[in-house]
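Subject: Structure handover

Hello,

Here is the structure I said I would pass on. My notes on what was found in it follow below.

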Amino acid sequence: MAAEYYRADSENGDHVDDPSEDVLFMLIRDLNDTDDTFVVVQPDDDDPLWFASVAVLDEGGYEIARRDSTRREHDITIESSINRIAGDLTTWLAARAT
């Protein structure tokens, strides 16, 4: 069964359909700088119109990229709080699910 709204895929192969804020938190928390350096959230489509990604930075913290071609949005930020990242992503993703 495909995701109803979006899916999250991490570099190590973890895949979650329609992840909650708690699941996003866990996926981000589990990132490391060797073999699981990023997670991408996007619609479960062949040619998604938007995506968000979180990547581990060598100097610590995370780079968050959000792009939505239908709304002409492209934003890259740096953050160290996983709670804040998961909460902000959940809000951003909810706006795309409507």
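Arg96 is buried, with a relative accessible area of 12%; buried means under 20%, exposed over 50% and partly exposed in between, using a 1.4 Å probe and protein chains only. Before the rest, some conventions: this is a predicted model, in which local features need pLDDT of at least 70 and side-chain atom pairs count only at pLDDT 80 or more, while totals for chains, interfaces and linings use all residues. Residues are numbered from 1 along each chain as its sequence is written, and side-chain values use heavy atoms, with hydrogens and water left out.

Arg96 forms a salt bridge with Asp68, the closest N and O atoms being 3.0 Å apart; the term stands for a side-chain nitrogen of Lys or Arg within 4 Å of a carboxyl oxygen of Asp or Glu. That pair links distant parts of the chain, with Asp68 in strand β5 and Arg96 in helix α2, 28 residues apart. Asp68 and Arg96 are both buried.

Arg96 also meets Glu73 in a salt bridge, at 2.5 Å from N to O. Here the link runs from helix α2 to strand β6, where Glu73 sits, across 23 residues. Glu73 is partly exposed, at a relative accessible area of 31%. A network of salt bridges joins Asp68, Arg71, Glu73 and Arg96.

The structure holds eight salt bridges. One of them pairs Asp75 with Arg66, with 3.0 Å between the closest N and O atoms. Arg66 is buried at 13% relative accessible area, whereas Asp75 counts as partly exposed at 33%.

**Helix α2**

Helices (H or I, at least four residues) and strands (E, at least two) are DSSP runs, numbered from the N terminus.

The buried residues of α2 are Ile82, Ile85, Ala86, Gly87, Leu89, Trp92, Leu93 and Arg96. They pack against α1 (21–29), β3 (38–42), β4 (50–56), β5 (62–68) and β6 (73–79), where contact means heavy atoms within 4.5 Å.

**Aromatic pairs**

Rings of Phe, Tyr and Trp (its six-membered ring) pair if their centres lie within 6.5 Å; planes under 30 degrees apart count as stacked, over 60 as edge-to-face and the rest as tilted. By this rule the count comes to two aromatic pairs. The rings of Tyr6 and Trp50 have centres 6.2 Å apart and planes at 70 degrees, so this pair is edge-to-face. Tyr6 lies in the segment before β1 (7–10) and Trp50 in strand β4, so the pair ties together parts 44 residues apart in sequence. Both Tyr6 and Trp50 are buried.

Trp50 and Trp92 are edge-to-face as well, at 5.7 Å centre to centre and 85 degrees between the planes. This pair links strand β4, which holds Trp50, to helix α2, which holds Trp92, 42 residues apart. Relative accessibility is 8% for Trp50 and 12% for Trp92, which is buried. Tyr6, Trp50 and Trp92 form one aromatic cluster.

Arg96 lies over the face of Trp92, at 3.8 Å from the ring centre. A charge sits over a ring if NZ of Lys or CZ of Arg is within 6 Å of the ring centre and within 35 degrees of the ring normal.

Regards
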